Amino acid sequence: MTEPIQIVAGGLTVTYWPTPADAAPPPRHITVGAFFDRFGSEKWSILADANPQVQAVVRDASVRTYIDLDNADLPAGLALLIAAGHAIDAEAVVDAAVQPGERP
């Protein structure tokens, strides 16, 4: 953590904590379980779907250590689930903030 900086002027002291200018954005990696949880009530029907394209998405996700929400292939996989009739909100799956309990 960066040390606080104190500025004293005219009898007034102001303290602030600077942030590094080159601070990297937080990682957008979630556990595989958290990824499937993001499908809400559709989770179980997706996991049980025998459609080969849906199973390809499920297997691809299942063999990973984590899901990278910034992976360029993710929207195509979510589109396959939607095309198979699953009512998921692809934008919400990808864009929702990563919660502490979702991190690998």
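Q: How should I read the accessibility of Asp60, and into which class does it fall?
A: The classes rest on relative accessible area, where buried means under 20%, exposed means over 50%, and partly exposed is what lies in between (1.4 Å probe, protein chains only). Asp60 has a relative accessible area of 41%, so it is partly exposed. This is a predicted model, in which local features need pLDDT of at least 70 and side-chain atom pairs count only at pLDDT 80 or more, while totals for chains, interfaces and linings use all residues. Residues are numbered from 1 along each chain as its sequence is written, and side-chain values use heavy atoms, with hydrogens and water left out.

Q: With which residue does Asp60 form a salt bridge?
A: Side chains of opposite charge can pair when their charged atoms come close. By the rule used here (a side-chain nitrogen of Lys or Arg within 4 Å of a carboxyl oxygen of Asp or Glu), the structure has 4 salt bridges. Asp60 pairs with Arg64, their closest N and O atoms being 3.1 Å apart, and Arg64 is itself partly exposed, because its relative accessible area is 40%.

Q: Which parts of the chain does the pair of Glu102 and Arg38 tie together?
A: Glu102 and Arg38 form a salt bridge whose closest N and O atoms are 2.7 Å apart. Glu102 lies in the segment after H5, whereas Arg38 is in the loop between H1 and helix H2 (43-48), so the pair ties together parts that are 64 residues apart in sequence. Helices here are DSSP runs of H or I with at least four residues, strands are runs of E with at least two, and both are numbered from the N terminus. Glu102 counts as buried because its relative accessibility is 13%, and Arg38 counts as buried at 16%.

Q: How far apart are the closest N and O atoms of Lys43 and Asp37?
A: In this salt bridge the closest N and O atoms are 2.8 Å apart. Lys43 counts as buried, because its relative accessibility is 16%, whereas Asp37, at 47%, is partly exposed.

Q: Which residues have the most contacts inside the largest nonpolar core?
A: A nonpolar core is a set of buried Ala, Val, Leu, Ile, Met, Phe, Trp, Tyr and Cys residues joined through side-chain atoms within 4.5 Å. The largest core in this model has 20 residues, and Phe35, Phe39, Leu78 and Leu81 have the most contacts inside it. Helices H1 (32-37), H3 (52-62), H4 (74-83) and H5 (90-95) each supply at least two residues of this core.

Q: What does Phe35 touch beyond its sequence neighbours?
A: Phe35 is in helix H1 and counts as buried because its relative accessibility is 2%. Setting aside residues up to four places away in sequence, Phe35 is in contact (heavy atoms within 4.5 Å) with Ile30, Ala61, Ile67, Leu74, Leu78 and Val93. The C-alpha atoms of Phe35 and Asp68, which are 33 residues apart along the chain, are separated by 9.6 Å.
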